[in-house]
Amino acid sequence: MSLMLEEALSAPQRLREQWQANAAAMAALGGELREADLRGAVTVARGSSDHAAAYFACLGMKRLGLPIASIPPSLTTLAGTPWLVSGQLALAISQSGASPDLIATQRALAAGGARTLALVNAPDSELAAASQHNLGLHAGVEQSVAATKSYLATLAAAAHLIAAWQGDPELLSALERLPERLESAAACDWQAAVEALSGADRLLVIGRGVGLAVAQEAALKFKETCGIQAEAFSAAEVKHGPMALIEPGYPVLVLAPPGPDQAGLLDLAAWLRGVGARVLLAADASVAGRELELRDAGHDDLQPLAVIQSFYVMAARLAVARGGDPDCPRHLQKVTRTL
């Protein structure tokens with residue numbers, strides 16, 4: 001078993017530990033954020049952590065009605081932008097907490113008046129120290145270069161933060177029950193994707209809404225661990241130009257879990273099949289035409305976590321089927337330090 005697969009399978013237990021460790025601190029922080037009456041938020045992250053930040057942003061805008069934007073760190077490190085962010089939350093996300101550009105940006109946002117928070121897997125890191133508040137991801141040491149359990153831990157922490165901020169008991173209850181749902185998701189049969197993509201060199205990955213962030217993460221993992229040129233798009237955007245790539249047999253992974261976005265995703269999958277694409281439709285048991293099974297995460301806003309849990313198991317196996325080693329991607333290292 002690869003380290004990537006082993007770590008992906010360990011994610012549900014890590015989320016149990018995170019919930020227990022963070023529940024009290026998250027409740028207190030949620031009350032503080034409500035009392036602060038903030039007017040928006042910005043996120044600071046790279047790679048998989050930035051995909052998690054996209055999930056936080058979409059979920060936060062949907063539930064809180066606040067604008068949330070991703071800040072390119074180079075605006076601080078290269079352009080020296082004078083930030084004016086009073087009344088906003090600056091959320092920095094990192095597995096290591098060691099990248100100089102994230103640290104510098106978080107400090108600059110604090111100097112610009114933001115209330116700062118870090119979600120980091122290394123609570124004694126410099127990024128944590130640079131933030132007013134920090135919450136551990138509790139993912140444990142991640143040895144595989146490809147992030148899996150730390151990404152899932154970040155999604156869970158982001159959802160927990162929004163639920164605590166909003167004071168939503170339904171989402172909080174679903175988060176507490178989520179680990180057992182993810183254990184079921186990890187057992188889903190995605191062998192059809194391994195077989196269909198074992199010789200692929202390109203594909204599209206389609207999601208929408210809060211699920212777009214895991215489509216972006218899946219596309220990154222296809223590149224990182226399987227050497228496949230994958231591109232992620234929203235179902236609402238893909239017809240604006242990317243569809244010109246589609247030819248007979250072109251592979252498209254459509255992630256369509258239960259929820260308000262599912263109907264449009266299923267319509268798109270049907271259209272794609274009609275123009276000859278090799279569609280791999282991931283959906284729940286209510287969808288008769290699915291190729292890949294999905295488990296219900298117990299709440300519409302948590303469905304992306306069940307999706308990516310099933311995907312990670314498949315991606316680790318696909319990398320091996322293609323003759324690669326998912327733990328040692330070419331040219332990559334675990335901690336990336338950029339400016």
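1. The side chains of Lys 221 and Glu 217 form a salt bridge, 2.4 Å from N to O. The term salt bridge means a side-chain nitrogen of Lys or Arg within 4 Å of a carboxyl oxygen of Asp or Glu. Lys 221 and Glu 217 lie four residues apart in helix α10, so about one helical turn separates them. Lys 221 is buried, at 0% relative accessibility. Glu 217 is buried too, with a relative accessible area of 0%. Buried means under 20% relative accessible area, exposed means over 50%, and partly exposed lies in between (1.4 Å probe, protein chains only).

2. A word on the source. This is a predicted model, in which local features need pLDDT of at least 70 and side-chain atom pairs count only at pLDDT 80 or more, while totals for chains, interfaces and linings use all residues. Residues are numbered from 1 along each chain as its sequence is written, and side-chain values use heavy atoms, with hydrogens and water left out.

3. Now the other salt bridges. The structure holds 14 of them. Side chains of opposite charge can pair when their charged atoms come close. One of the 14 salt bridges joins the side chains of Glu 32 and Arg 115, at 2.8 Å from N to O. This pair links distant parts of the chain: Glu 32 sits in helix α2 (residues 11-36) and Arg 115 in strand β4, 83 residues apart. Helices (H or I, at least four residues) and strands (E, at least two) are DSSP runs, numbered from the N terminus. Glu 32 is partly exposed, at 28% relative accessible area. Arg 115 is partly exposed as well, at 23%.

4. Which residues does Arg 63 meet or join through salt bridges? Its side chain meets that of Asp 168 at 2.6 Å, N to O. Again the pair links distant parts of the chain. Arg 63 is in helix α3 (residues 47-64), and Asp 168 is in the loop between α7 (149-166) and α8 (169-186), 105 residues apart. Both Arg 63 and Asp 168 are buried. Salt bridges with shared partners join Lys 62, Arg 63, Asp 168 and Asp 301 into one network.

5. Next, strand β4. Is β4 (residues 115-120) largely enclosed or largely open? Five of its six residues are buried, so the rest of the structure largely encloses it. Strand β3 (residues 88-94) runs parallel to β4, and six bridges join the two. Ser 94 stands opposite Val 120 in β4. Four bridges join β4 to strand β5 (residues 133-136), again in parallel. There, Leu 117 has His 133 in β5 as its bridge partner.

6. Helix α5 (residues 100-111) belongs with two of these strands. Together, β3, α5 and β4 make a right-handed β-α-β unit. A crossover is right-handed if, with the strands pointing away from the viewer, the path from the first strand over the helix to the second runs clockwise.

7. Look just past β4. Asn 121 lies in the loop between β4 and α6 (126-129). Asn 121 counts as buried, at 14% relative accessibility. Its side chain makes a polar contact with the side chain of Gln 95, at 2.8 Å. A polar contact is a pair of N or O atoms within 3.5 Å; within protein, one must be able to donate a hydrogen and the other to accept it, and residues adjacent in sequence count only if both atoms are side-chain atoms. The side chain of Asn 121 also reaches the backbone oxygen of Gly 140, at 3.0 Å.

8. Then the five-stranded sheet. This open sheet has the order β7-β6-β8-β9-β10, with parallel pairing. β7 (229-234) and β10 (292-293) stand at the edges, each with a single partner strand, so one side of each has no neighbour in the sheet. Two strands pair if DSSP finds at least two bridges between them. Strands β8 (residues 251-256) and β9 (residues 278-283) run parallel and are joined by six bridges. Pro 251 has Arg 278 in β9 as its bridge partner.

9. Helices pack on this sheet. Helix α10 (residues 212-226) touches β6 (202-207), β7 and β8, and its direction makes about 175° with that of β7. Helix α11 (residues 262-274) touches β6, β8 and β9, and its direction makes about 160° with that of β8. Contact means heavy atoms within 4.5 Å. Axes are lines fitted to C-alpha atoms, for helices over the stretch in contact, and angles run from 0 to 180 degrees between N-to-C directions.
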